[in-house]
Structure formats: C-alpha cells, structure tokens
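Here is a brief report on one protein chain. Look over the sequence and the fold, then read on.

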Amino acid sequence: MFGLEDVGGYGRDLALYLKEKGHIVKFVNSSLSNAERNSYAMPQKHDSWDAQCVANVLIRQFPYLPDVIYL
C-alpha cells in the first residue's frame, strides 16, 4: 500500500503507475500529516520526516483514507 499527499499534481503520474501495477494507493490529506508533524514536542520539517508522518497517518487511519481513483 502507498499513501500520497499529492495525487493531483506531480504525484498523479506516480499514483497512476502504482494503481496500474495493482497497488492500493490512499490519499493522505496534507492537513493530517501536518497535524501529525505538529503533535511532536519538536516538530521537524524535512522530506524524510514528512514521509514518516504520512506513513504514520496511513497506518493509523488506513480504513478512513480515500482510495485514489482515476477513471
């Protein structure tokens, strides 16, 4: 499974590729990952930490996150 914040801009092609390969792709709203980041005493802002926050949201809220669907 994959969780992506951007499924409309640059992430659209990646989401389409992953879907074509049969993977589950979920949309993680940036406000959810931002809330995750800010829930720590010393919030950080860099790519690897952002990815960790998206993964944390994906794991905890998987059933509630919308699937990425392209027609």
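## Burial and one aspartate

A residue is called buried when its relative accessible area is under 20%, exposed when that value is over 50%, and partly exposed in between. The model discussed here is predicted. Take Asp50, whose relative accessible area is 14%, so Asp50 is buried. This residue sits in helix α3, which covers residues 47-61.

## The chain as a whole

The chain holds three helices and two strands. Read from the N terminus, the order of elements is β-α-β-α-α. The C-alpha trace spans about 40 × 25 × 15 Å along its principal axes.

How does the radius of gyration fit a compact globule? For 71 residues, such a globule would have a value near 11 Å; the chain has 12 Å, which agrees. Of the 71 residues, 30% are buried. The chain exposes about 5000 Å², and carbon and sulfur atoms supply 58% of that area. Among contacts with a separation of 6 or more, 55% join residues 24 or more positions apart.

## Helix α3 and its packing

Helix α3 has 15 residues. From first C-alpha to last it reaches 21 Å, close to the 21 Å expected at 1.5 Å a residue.

Which residues of α3 are buried? They are Trp49, Asp50, Cys53, Val54, Asn56, Val57 and Leu58. The buried residues of this helix pack against three elements: strand β1 (2-4), strand β2 (25-27) and helix α2 (30-38).

## Nonpolar cores

In soluble globular proteins, nonpolar side chains tend to be buried together. In this chain the largest nonpolar core has six residues. Its members are Leu4, Val7, Ala15, Leu18, Val25 and Val68. A second, separate core has five residues, including Val28, Val57, Leu58 and Leu65.

Leu4 is one of the residues in the largest core. Leaving aside neighbours within four places in sequence, Leu4 is in contact with Gly11, Leu14, Ala15, Val25, Lys26, Phe27 and Val28. Val28 on that list is a member of the second core.

## The other salt bridges

Side chains of opposite charge can pair when their charged atoms come close. The chain has three salt bridges. Two others follow.

Asp67 forms a salt bridge with Lys26, and their closest N and O atoms are 2.9 Å apart. Asp67 lies in the segment after α3 and Lys26 in strand β2, so the pair ties together parts 41 residues apart in sequence. Lys26 counts as buried, because its relative accessibility is 6%.

Arg60 forms a salt bridge with Glu36, with 2.5 Å between the closest N and O atoms. Arg60 lies in helix α3 and Glu36 in helix α2, so this pair ties together parts 24 residues apart in sequence. Glu36 has a relative accessible area of 7%, so Glu36 is buried.

Ser30 is found in helix α2. Its relative accessibility is 44%, so Ser30 counts as partly exposed. Ser30 and Cys53 are 23 residues apart along the chain, and 10.0 Å separates their C-alpha atoms.

Where is Gly8? Gly8 is in the loop between β1 and α1 (11-20). Its relative accessible area is 56%, so Gly8 is exposed. Gly8 and Phe27 are 19 residues apart in sequence, with 10.0 Å from C-alpha to C-alpha.

Methods. Residues are numbered from 1 along each chain as its sequence is written. This is a predicted model: local features need pLDDT of at least 70, side-chain atom pairs count only at pLDDT 80 or more; totals for chains, interfaces and linings use all residues. Side-chain values use heavy atoms; hydrogens and water are left out. Helices (H or I, at least four residues) and strands (E, at least two) are DSSP runs, numbered from the N terminus. The expected span of a helix is 1.5 Å times one less than its number of residues. Buried means under 20% relative accessible area, exposed over 50%, partly exposed in between (1.4 Å probe, protein chains only). Contact means heavy atoms within 4.5 Å. A nonpolar core is a set of buried Ala, Val, Leu, Ile, Met, Phe, Trp, Tyr and Cys residues joined through side-chain atoms within 4.5 Å. The radius of gyration is taken over C-alpha atoms; the globule rule is 2.2 Å times the number of residues to the power 0.38. Accessible areas come from the Shrake-Rupley method with a 1.4 Å probe; for residues, only the protein chains shown count as cover. A salt bridge is a side-chain nitrogen of Lys or Arg within 4 Å of a carboxyl oxygen of Asp or Glu.
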